[in-house]
Amino acid sequence: MDLQLNGKRALVTGSSSGLGEATVRALAAEGVAVVVHGRDERRSHAVAASIRANGGKADVAIGDLTGDEGADAVVSAALAGGPVDILVNNAGSYKHLSWADATPETWRDTYEGNVVSGVRMIQRLVPLMRERGWGRVITIGGGLAVQPMYQHPQYNATLAARHNLEVSLARELRGTGVTSNVVAPGAILVDAVRDLLTEIAPAHGWGETWAQIERDATRELVPNDVERLGRPEEIASAVAFLASPLSGYISGAVLRVDGGHIRNVA
Ligand SMILES: NC(=O)c1ccc[n+]([C@@H]2O[C@H](COP(=O)([O-])OP(=O)(O)OC[C@H]3O[C@@H](n4cnc5c(N)ncnc54)[C@H](OP(=O)(O)O)[C@@H]3O)[C@@H](O)[C@H]2O)c1
(Lines give C-alpha, C1' and ligand atoms only; values in the text may rest on other atoms or scores of the structure.)
Protein backbone atom coordinates (compact mmCIF):
# COMPACT_ATOMS: atom_id res chain seq x y z
CA MET A 1 0.00 0.00 0.00
CA ASP A 2 1.29 3.45 -0.88
CA LEU A 3 0.93 5.58 2.24
CA GLN A 4 1.07 8.73 0.07
CA LEU A 5 3.62 10.24 2.42
CA ASN A 6 6.21 11.07 -0.20
CA GLY A 7 7.15 14.77 -0.03
CA LYS A 8 5.75 15.41 3.46
CA ARG A 9 7.98 16.74 6.24
CA ALA A 10 7.91 15.46 9.83
CA LEU A 11 9.40 16.42 13.19
CA VAL A 12 9.62 13.46 15.55
CA THR A 13 10.62 14.62 19.02
CA GLY A 14 12.94 12.29 20.89
CA SER A 15 14.15 10.50 17.76
CA SER A 16 17.77 10.17 18.83
CA SER A 17 16.89 6.69 20.18
CA GLY A 18 14.15 4.15 20.85
CA LEU A 19 10.64 4.49 19.43
CA GLY A 20 11.39 7.91 17.95
CA GLU A 21 14.43 6.62 16.08
CA ALA A 22 12.42 3.73 14.63
CA THR A 23 9.73 6.24 13.62
CA VAL A 24 12.04 8.61 11.73
CA ARG A 25 13.56 5.62 9.95
CA ALA A 26 10.12 4.31 8.95
CA LEU A 27 8.87 7.72 7.79
CA ALA A 28 12.07 8.40 5.83
CA ALA A 29 11.67 5.04 4.08
CA GLU A 30 8.22 6.29 2.94
CA GLY A 31 9.75 9.39 1.37
CA VAL A 32 9.16 11.79 4.29
CA ALA A 33 11.81 14.43 4.95
CA VAL A 34 12.39 13.96 8.67
CA VAL A 35 13.75 16.17 11.42
CA VAL A 36 15.61 14.08 13.96
CA HIS A 37 15.40 15.57 17.43
CA GLY A 38 17.06 14.92 20.76
CA ARG A 39 19.19 16.54 23.41
CA ASP A 40 22.18 14.34 22.61
CA GLU A 41 23.86 15.88 19.56
CA ARG A 42 26.06 12.91 18.74
CA ARG A 43 23.23 10.36 18.68
CA SER A 44 20.83 12.69 16.86
CA HIS A 45 23.36 13.42 14.10
CA ALA A 46 24.25 9.72 13.83
CA VAL A 47 20.58 8.78 13.23
CA ALA A 48 20.21 11.53 10.60
CA ALA A 49 23.45 10.54 8.87
CA SER A 50 22.40 6.92 8.69
CA ILE A 51 19.03 7.89 7.16
CA ARG A 52 20.79 10.03 4.56
CA ALA A 53 23.24 7.19 3.84
CA ASN A 54 20.19 5.04 3.01
CA GLY A 55 18.92 7.64 0.52
CA GLY A 56 16.51 9.44 2.87
CA LYS A 57 16.19 13.11 3.78
CA ALA A 58 17.01 14.09 7.37
CA ASP A 59 17.74 17.32 9.24
CA VAL A 60 18.57 17.65 12.93
CA ALA A 61 17.09 19.84 15.69
CA ILE A 62 18.66 19.82 19.14
CA GLY A 63 17.02 21.05 22.33
CA ASP A 64 15.61 20.28 25.75
CA LEU A 65 11.82 20.58 25.59
CA THR A 66 11.36 21.24 29.32
CA GLY A 67 11.73 24.98 28.66
CA ASP A 68 10.56 27.59 26.15
CA GLU A 69 14.08 28.38 25.02
CA GLY A 70 14.82 24.79 24.02
CA ALA A 71 11.42 24.49 22.33
CA ASP A 72 12.05 27.69 20.33
CA ALA A 73 15.45 26.39 19.21
CA VAL A 74 13.96 23.06 18.10
CA VAL A 75 11.13 24.69 16.17
CA SER A 76 13.37 27.20 14.46
CA ALA A 77 15.84 24.47 13.42
CA ALA A 78 12.96 22.31 12.20
CA LEU A 79 11.36 25.11 10.16
CA ALA A 80 14.67 26.15 8.63
CA GLY A 81 14.38 23.26 6.18
CA GLY A 82 10.71 23.85 5.28
CA PRO A 83 7.25 23.53 6.80
CA VAL A 84 6.41 20.73 9.23
CA ASP A 85 3.38 18.72 8.06
CA ILE A 86 3.60 16.01 10.72
CA LEU A 87 4.43 16.42 14.40
CA VAL A 88 5.09 13.28 16.43
CA ASN A 89 5.19 14.15 20.13
CA ASN A 90 7.29 11.26 21.38
CA ALA A 91 10.03 12.74 23.61
CA GLY A 92 9.71 11.75 27.21
CA SER A 93 11.37 9.98 30.06
CA TYR A 94 10.54 7.54 32.77
CA LYS A 95 11.89 6.68 36.22
CA HIS A 96 11.09 3.40 37.95
CA LEU A 97 9.95 4.91 41.29
CA SER A 98 7.55 3.85 44.01
CA TRP A 99 4.87 6.10 45.53
CA ALA A 100 7.24 6.67 48.47
CA ASP A 101 10.17 7.68 46.27
CA ALA A 102 8.36 9.88 43.75
CA THR A 103 8.56 13.30 45.41
CA PRO A 104 6.29 16.20 44.49
CA GLU A 105 9.26 17.69 42.64
CA THR A 106 9.62 14.48 40.60
CA TRP A 107 5.90 14.64 39.75
CA ARG A 108 6.31 18.25 38.56
CA ASP A 109 9.44 17.49 36.52
CA THR A 110 7.86 14.44 34.92
CA TYR A 111 4.79 16.46 33.92
CA GLU A 112 7.02 19.18 32.47
CA GLY A 113 9.10 16.68 30.48
CA ASN A 114 6.34 14.38 29.28
CA VAL A 115 3.31 16.66 28.89
CA VAL A 116 4.15 20.38 28.74
CA SER A 117 7.03 19.53 26.37
CA GLY A 118 4.49 18.31 23.82
CA VAL A 119 2.17 21.26 24.41
CA ARG A 120 5.07 23.58 23.56
CA MET A 121 5.47 21.85 20.20
CA ILE A 122 1.73 21.89 19.50
CA GLN A 123 1.44 25.61 20.26
CA ARG A 124 4.37 26.47 18.01
CA LEU A 125 3.65 24.19 15.03
CA VAL A 126 -0.08 23.50 14.81
CA PRO A 127 -1.07 27.12 13.92
CA LEU A 128 1.16 26.79 10.84
CA MET A 129 -0.51 23.48 9.89
CA ARG A 130 -3.89 25.16 10.24
CA GLU A 131 -2.84 27.94 7.88
CA ARG A 132 -1.87 25.37 5.26
CA GLY A 133 -5.06 23.36 5.81
CA TRP A 134 -3.36 20.02 6.41
CA GLY A 135 -1.43 18.43 9.24
CA ARG A 136 -1.02 15.51 11.55
CA VAL A 137 -0.30 15.51 15.28
CA ILE A 138 0.48 12.11 16.73
CA THR A 139 1.25 11.65 20.38
CA ILE A 140 2.86 8.61 21.90
CA GLY A 141 0.77 7.61 24.90
CA GLY A 142 0.69 4.19 26.49
CA GLY A 143 -1.40 1.48 28.09
CA LEU A 144 -0.48 2.80 31.53
CA ALA A 145 -2.71 5.79 30.79
CA VAL A 146 -5.77 3.61 31.23
CA GLN A 147 -4.38 0.65 33.20
CA PRO A 148 -1.83 2.14 35.61
CA MET A 149 0.51 0.02 37.72
CA TYR A 150 1.29 0.68 41.36
CA GLN A 151 4.85 1.57 40.38
CA HIS A 152 5.99 4.89 38.82
CA PRO A 153 2.68 6.72 39.45
CA GLN A 154 4.24 10.00 38.32
CA TYR A 155 4.86 8.47 34.87
CA ASN A 156 1.47 6.72 34.53
CA ALA A 157 -0.30 10.01 35.15
CA THR A 158 1.62 11.81 32.41
CA LEU A 159 0.51 9.19 29.86
CA ALA A 160 -3.10 9.77 30.92
CA ALA A 161 -2.63 13.51 30.42
CA ARG A 162 -1.24 12.91 26.92
CA HIS A 163 -4.27 10.82 25.94
CA ASN A 164 -6.61 13.46 27.30
CA LEU A 165 -5.00 16.50 25.69
CA GLU A 166 -4.81 14.89 22.26
CA VAL A 167 -8.55 14.30 22.20
CA SER A 168 -9.13 17.88 23.29
CA LEU A 169 -6.82 19.02 20.49
CA ALA A 170 -8.77 16.96 17.95
CA ARG A 171 -11.96 18.80 18.98
CA GLU A 172 -10.16 22.15 18.75
CA LEU A 173 -9.00 21.30 15.21
CA ARG A 174 -12.49 20.52 13.92
CA GLY A 175 -12.78 21.23 10.19
CA THR A 176 -9.18 22.40 9.75
CA GLY A 177 -7.66 19.43 7.88
CA VAL A 178 -5.36 18.83 10.85
CA THR A 179 -5.96 15.69 12.90
CA SER A 180 -4.75 14.64 16.34
CA ASN A 181 -4.38 11.03 17.47
CA VAL A 182 -2.60 8.85 20.01
CA VAL A 183 -0.54 5.73 19.45
CA ALA A 184 -0.54 3.78 22.72
CA PRO A 185 2.30 1.28 22.99
CA GLY A 186 2.43 -1.59 25.43
CA ALA A 187 5.85 -2.57 26.73
CA ILE A 188 8.26 -2.11 23.85
CA LEU A 189 11.75 -3.52 23.70
CA VAL A 190 14.08 -0.51 23.75
CA ASP A 191 17.52 -0.54 25.38
CA ALA A 192 16.24 0.82 28.71
CA VAL A 193 13.52 -1.85 28.92
CA ARG A 194 15.98 -4.65 28.13
CA ASP A 195 18.43 -3.31 30.76
CA LEU A 196 15.74 -3.02 33.44
CA LEU A 197 14.32 -6.51 32.83
CA THR A 198 17.78 -8.07 32.75
CA GLU A 199 18.62 -6.35 36.04
CA ILE A 200 15.50 -7.52 37.89
CA ALA A 201 15.35 -10.99 36.26
CA PRO A 202 17.33 -12.87 38.97
CA ALA A 203 15.03 -11.61 41.74
CA HIS A 204 11.99 -12.82 39.77
CA GLY A 205 13.56 -16.15 38.71
CA TRP A 206 13.03 -15.35 35.02
CA GLY A 207 15.82 -17.53 33.60
CA GLU A 208 19.25 -16.84 32.22
CA THR A 209 18.98 -16.13 28.49
CA TRP A 210 17.33 -13.03 27.05
CA ALA A 211 14.69 -15.22 25.31
CA GLN A 212 13.69 -16.74 28.67
CA ILE A 213 13.68 -13.35 30.39
CA GLU A 214 11.48 -11.80 27.70
CA ARG A 215 9.02 -14.72 27.82
CA ASP A 216 8.74 -14.77 31.62
CA ALA A 217 8.73 -11.00 32.10
CA THR A 218 5.98 -10.68 29.49
CA ARG A 219 3.83 -13.30 31.24
CA GLU A 220 4.31 -11.73 34.65
CA LEU A 221 4.31 -8.01 33.91
CA VAL A 222 2.52 -7.40 30.59
CA PRO A 223 0.57 -10.53 29.63
CA ASN A 224 -0.74 -10.24 26.09
CA ASP A 225 -2.13 -12.32 23.25
CA VAL A 226 1.05 -12.19 21.16
CA GLU A 227 3.15 -13.32 24.16
CA ARG A 228 6.14 -11.07 23.72
CA LEU A 229 7.24 -7.46 24.08
CA GLY A 230 6.58 -5.12 21.17
CA ARG A 231 9.29 -3.86 18.84
CA PRO A 232 9.96 -0.16 18.10
CA GLU A 233 9.29 -0.78 14.40
CA GLU A 234 5.76 -1.89 15.27
CA ILE A 235 5.06 1.48 16.89
CA ALA A 236 6.65 3.23 13.91
CA SER A 237 4.30 1.48 11.47
CA ALA A 238 1.24 2.66 13.39
CA VAL A 239 2.57 6.21 13.48
CA ALA A 240 3.29 6.13 9.73
CA PHE A 241 -0.31 5.13 8.99
CA LEU A 242 -1.77 7.85 11.22
CA ALA A 243 0.64 10.36 9.68
CA SER A 244 -0.52 9.54 6.18
CA PRO A 245 -3.30 11.12 4.11
CA LEU A 246 -5.00 7.69 4.27
CA SER A 247 -5.96 8.38 7.90
CA GLY A 248 -7.90 11.55 7.10
CA TYR A 249 -11.13 10.34 8.73
CA ILE A 250 -9.41 9.40 12.02
CA SER A 251 -9.10 12.07 14.70
CA GLY A 252 -9.25 11.94 18.48
CA ALA A 253 -8.54 8.20 18.34
CA VAL A 254 -6.25 5.98 20.39
CA LEU A 255 -4.54 3.22 18.42
CA ARG A 256 -3.29 0.59 20.85
CA VAL A 257 -0.19 -1.34 19.78
CA ASP A 258 0.23 -3.65 22.75
CA GLY A 259 -0.43 -7.23 21.63
CA GLY A 260 -3.80 -7.05 23.40
CA HIS A 261 -2.43 -6.24 26.86
CA ILE A 262 -5.20 -3.73 27.58
CA ARG A 263 -8.35 -5.84 27.88
CA ASN A 264 -11.19 -3.34 27.47
CA VAL A 265 -13.14 -3.22 24.22
CA ALA A 266 -13.33 0.55 23.71
N1 LIG B 1 9.44 1.89 25.49
C2 LIG B 1 8.20 1.66 25.93
O3 LIG B 1 7.86 0.53 26.33
C4 LIG B 1 7.19 2.79 25.95
C5 LIG B 1 5.85 2.45 26.21
C6 LIG B 1 4.88 3.46 26.23
C7 LIG B 1 5.26 4.76 25.97
N8 LIG B 1 6.57 5.08 25.73
C9 LIG B 1 6.89 6.48 25.47
O10 LIG B 1 7.59 6.55 24.24
C11 LIG B 1 8.47 7.67 24.25
C12 LIG B 1 9.85 7.20 23.80
O13 LIG B 1 10.34 6.28 24.74
P14 LIG B 1 11.54 5.27 24.45
O15 LIG B 1 11.21 4.03 25.17
O16 LIG B 1 11.82 5.23 23.00
O17 LIG B 1 12.71 5.98 25.28
P18 LIG B 1 14.18 6.47 24.90
O19 LIG B 1 14.88 5.48 24.03
O20 LIG B 1 14.81 6.84 26.20
O21 LIG B 1 13.96 7.80 24.04
C22 LIG B 1 13.52 8.99 24.64
C23 LIG B 1 13.77 10.13 23.67
O24 LIG B 1 13.21 11.32 24.23
C25 LIG B 1 14.20 12.35 24.27
N26 LIG B 1 13.95 13.19 25.43
C27 LIG B 1 13.68 12.79 26.70
N28 LIG B 1 13.49 13.86 27.48
C29 LIG B 1 13.64 14.95 26.70
C30 LIG B 1 13.58 16.35 26.92
N31 LIG B 1 13.33 16.86 28.13
N32 LIG B 1 13.78 17.18 25.88
C33 LIG B 1 14.06 16.70 24.66
N34 LIG B 1 14.15 15.39 24.39
C35 LIG B 1 13.94 14.53 25.38
C36 LIG B 1 15.53 11.60 24.34
O37 LIG B 1 16.54 12.47 23.83
P38 LIG B 1 18.12 12.39 24.23
O39 LIG B 1 18.38 10.96 24.64
O40 LIG B 1 18.82 12.78 22.96
O41 LIG B 1 18.31 13.34 25.31
C42 LIG B 1 15.25 10.41 23.44
O43 LIG B 1 15.43 10.75 22.08
C44 LIG B 1 8.45 8.24 25.67
O45 LIG B 1 7.66 9.40 25.69
C46 LIG B 1 7.81 7.12 26.50
O47 LIG B 1 7.06 7.64 27.56
C48 LIG B 1 7.53 4.11 25.72
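Which residues of α5 are buried?

Reply: In this predicted model, the buried residues of α5 are Pro-153, Gln-154, Tyr-155, Asn-156, Thr-158, Leu-159, Ala-161, Arg-162, His-163, Glu-166, Leu-169 and Ala-170. An α-helix has 3.6 residues a turn, so residues three or four places apart point the same way. Helix α5 itself covers residues 153-172, and its 20 residues reach 29 Å from the first C-alpha to the last, which is close to the 28 Å expected at 1.5 Å a residue.

As for what lies against this helix, the buried residues of α5 pack against the strands β4, β5, β6 and β7 and also against helix α4. Those strands belong to an open sheet of seven, arranged in the order β3-β2-β1-β4-β5-β6-β7 with parallel pairing. Because β3 (57-62) and β7 (254-257) stand at the edges with a single partner strand each, one side of each is left without a neighbour in the sheet. From one strand to the next, the twist averages 20°.

Within the sheet, β4 (residues 86-89) and β5 (residues 135-140) pair in the parallel sense over four bridges, and Leu-87 stands opposite Val-137 in β5. Helix α3 (residues 68-80) also packs on the sheet, where it touches β1 (9-12), β2 (33-38) and β3, and its direction makes about 160° with that of β3. Helix α4 (residues 104-132), one of the elements that the buried residues of α5 pack against, lies across β1, β4, β5 and β6 (178-185) and runs at about 170° to β4.

Methods
Residues numbered from 1 in each chain as written. Predicted model: local features only at pLDDT ≥ 70, side-chain atom pairs only at ≥ 80, totals over all residues. Heavy atoms only, no water. Pairing = 2+ DSSP bridges. Helix = DSSP H or I, 4+ residues; strand = E, 2+ residues; numbered from the N terminus. Axes fitted to C-alpha atoms, helices over the stretch in contact; angles between N-to-C directions. Contact = heavy atoms within 4.5 Å. Expected span 1.5 Å × (residues − 1). Buried < 20%, exposed > 50% of the residue type's maximum accessible area, 1.4 Å probe, protein only.
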